[in-house]
Amino acid sequence: RIIPIMVVAFLVIDFLFTLGVMDNIGVIFDPILRVLDLPGEVITALVADLAHFSAGYAIVAALFAKGAITAKQAILTLLIGSMLIITLVYLKYSLSMYISLFGKLGVKITVINYLSSMVAKVVMILLVVAVM
């Protein structure tokens, strides 16, 4: 199930590079992503992460293979993408499950779990920025 998604995502990004569309995408999102020294092109991987994590991985691999991003930028993109995925999982599944199991306490449990996950990701991002 994952391989077709990854292959299609990789081919789409390769096609967008061939057409020069990736340069336009990069210009639009570049100011926002410069905070972490990421090129604007990584927004495609972040959006693809929302559809399926493997599509995001494939796009990061394609960007890395084309030389559009460095290893550090690839890691940062994947970490930010995982933050998006975690947010979706908590909104779609965890919140309703914890509320159904624990009532009002379920909201607190969800918030604590979610914040713990986000803090761990932020720490990892800071480590990557500092070390690499």
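Colleague: Which residues does Leu63 touch, not counting residues up to four places away in sequence?

Modeller: The model is predicted, so local features need pLDDT of at least 70 and side-chain atom pairs count only at pLDDT 80 or more, while totals for chains, interfaces and linings use all residues. Residues are numbered from 1 along each chain as its sequence is written, and side-chain values use heavy atoms, with hydrogens and water left out. With residues up to four places away in sequence set aside, the residues in contact (heavy atoms within 4.5 Å) with Leu63 are Ile13, Phe17, Met22, Glu41, Val42, Thr44, Ala68 and Ile69.

Colleague: Which residues touch the most other members of the largest nonpolar core?

Modeller: A nonpolar core is a set of buried Ala, Val, Leu, Ile, Met, Phe, Trp, Tyr and Cys residues joined through side-chain atoms within 4.5 Å, where buried means under 20% relative accessible area, exposed over 50% and partly exposed in between (1.4 Å probe, protein chains only). The largest such core holds 29 residues. Those that touch the most other members are Ile13, Ile59 and Leu63.

Colleague: Which helix gives the largest share of this core?

Modeller: Helices are DSSP runs of H or I with at least four residues, strands are E runs of at least two, and both are numbered from the N terminus. At least two core residues each come from α1 (2–19), α2 (21–33), α3 (43–51), α4 (53–65), α5 (71–102) and α6 (104–131). The largest share, seven residues, belongs to α5.

Colleague: What percentage of the residues in the protein is buried?

Modeller: The protein has 132 residues. Among contacts with a separation of 6 or more, residues 24 or more positions apart account for 59%. The buried residues make up 35%.

Colleague: Against which element do the buried residues of α6 pack?

Modeller: In α6, the buried residues are Gly106, Thr110, Ser117, Met118, Ile125 and Val128. Of these, Thr110 has a relative accessible area of 5%. Leaving aside its neighbours within four places in sequence, Thr110 is in contact with Tyr90, Ser94, Leu95 and Tyr98. The buried residues of α6 pack against α5.

Colleague: How far apart are Ile5 and Met118 in space, C-alpha to C-alpha?

Modeller: Ile5 is found in helix α1 and counts as partly exposed because its relative accessibility is 30%. Beyond its neighbours within four places in sequence, Ile5 is in contact with His52, Ser54 and Ala55. Ile5 and Met118 are 113 residues apart in sequence, and their C-alpha atoms are separated by 27 Å.

Colleague: Which element gives the most to the lining of the largest pocket?

Modeller: On a 1 Å grid over the protein atoms alone, a pocket is an open set of points where a 1.4 Å probe fits, with protein on both sides within 12 Å along at least five of seven lines, and lining residues have an atom within 4 Å of a point. The largest pocket is lined by Asp49, Leu50, Ala51, His52, Phe53, Ile85, Leu88, Val89, Lys92 and Tyr93. The elements giving two or more residues to this lining are α3 and α5. The most, five residues, come from α5.
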